[in-house]
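Reader: I have a model open and want to go through some of its residues. Can you take my questions as they come?

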Amino acid sequence: MLLKMAKIKIPEKVEMIYLLGQHDSLLRKVQDLFEVEISLVENELWIRSTDLESIRKAEDFFKEMIAAVQSGHYPDQMETEYLLTRSKMNVKKEEQDKTLSTVIKEKGTVLKKAKVRAKTSGQSKYLEAMRENDVVFSIGPAGTGKTYLAVAMAVEALKNNQVNRIILTRPAVEAGESLGFLPGTLVDKVDPYLRPLYDAMYDMLSPEKFQYLRDQNIIEIAPLAYMRGRTLNNSFIILDEAQNTTIPQMKMFLTRTGFYSKVVVTGDITQIDLKPGQKSGLLHSEKILKDIKGIGFTYLGKHDVVRHPLVKEIISAYERSEKAERTE
């Protein structure tokens, strides 16, 4: 078969290291992923292959990288992996114009200590949904930034005086016998379950500031059981790990919403730890609340994972295994 080729001219102000990587590591990765040959000839990248589609995908990747660098943004490893994934997969038509440069412009949430912003188009839609709706459900696998972005938005709202307090909560699915053997009060016993929320908050605020806000009850981190009987006004409320709520628990939580409050519910429906026979409140909410104005649902997938690149592969492997089991 005849060898085909595309040429990409590299602008003068774009440094090669952002396109080729340290010791050409990114260049080799692109060659392996898209099965193309790439040569640097003066100020041009020459991409060769017998397959035009492979050339196009590699070309799309480098063009997005160049556009990002020209806009003054230098993609980190997670963003580079995201672009590689986007270019490799068949992107839906409505997403074709959603380049990394577009996502950067829509970043919105930038905090002084931890510069938090959307790193994928899915995360960008999630931030947009939180701005536009009073109640938002975010459903997706681990590592897609569901909790982290919600905490970032909550801190931003607090700093901008849009809310008076932040309330972070999650169910302790083992709040039965196993917790009874642990020492301390109920708060001490459920504290390990709330640790991921602490971790996200520590990235947004200094330990001293965080402790001060906790002491003043401006930031409250508590198990879901503590929400019963309350009306939460002027608050940014986050329910994490919502797939492990029962239907009555979810109803109880959502009806706590008061005036001038925002609620974000996050969960991964592939990791439900409820006892046999118990139905997930998150799945139930998805069925009955989707058409209510003011409630937004966003779905994040493996392509929005911003952890180690292997996390995407792990999620894909489990998806294949579960699909095979259902078929059998």
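Reader: Ground rules before we start?
Author: This is a predicted model, where local features need pLDDT of at least 70, side-chain atom pairs count only at pLDDT 80 or more, and totals for chains, interfaces and linings use all residues. Residues are numbered from 1 along each chain as its sequence is written, and side-chain values use heavy atoms, with hydrogens and water left out.

Reader: How many helices and strands in the protein chain?
Author: The protein chain has 13 helices and nine strands. Helices (H or I, at least four residues) and strands (E, at least two) are DSSP runs, numbered from the N terminus.

Reader: What share of the residues count as buried?
Author: 48% of the 328 residues. Buried means under 20% relative accessible area, exposed over 50%, and partly exposed in between, using a 1.4 Å probe and protein chains only.

Reader: Thr245, buried or exposed?
Author: Thr245 is buried, because its relative accessible area is 0%. Thr245 sits in the loop between β7 (235-239) and α11 (247-254).

Reader: What does Thr245 touch?
Author: Leaving out residues up to four places away in sequence, its contacts (heavy atoms within 4.5 Å) include Pro171, Leu224, Met250 and Lys279. The side chain of Thr245 also reaches the backbone oxygen of Ala242, at 2.7 Å. That is a polar contact if N or O atoms lie within 3.5 Å, one able to donate a hydrogen and the other to accept it within protein; residues adjacent in sequence count only if both atoms are side-chain atoms.

Reader: Other loop: where is Asn164?
Author: Asn164 is between α7 (146-159) and β5 (165-170). Asn164 counts as exposed because its relative accessibility is 54%. Its C-alpha is 9.4 Å from that of Ser261, 97 residues apart in sequence.

Reader: New topic: how many aromatic pairs?
Author: Four, where rings of Phe, Tyr and Trp (its six-membered ring) pair if their centres lie within 6.5 Å; planes under 30 degrees apart count as stacked, over 60 as edge-to-face and the rest as tilted. One of them, Tyr202 with Phe210, is edge-to-face, at 5.0 Å centre to centre and 80° between the planes.

Reader: Is Phe210 buried or exposed?
Author: Phe210 is buried, at a relative accessible area of 1%, whereas Tyr202 is partly exposed at 33%.

Reader: Which helix holds Leu283?
Author: Helix α12, residues 281-289. Leu283 counts as partly exposed because its relative accessibility is 31%.
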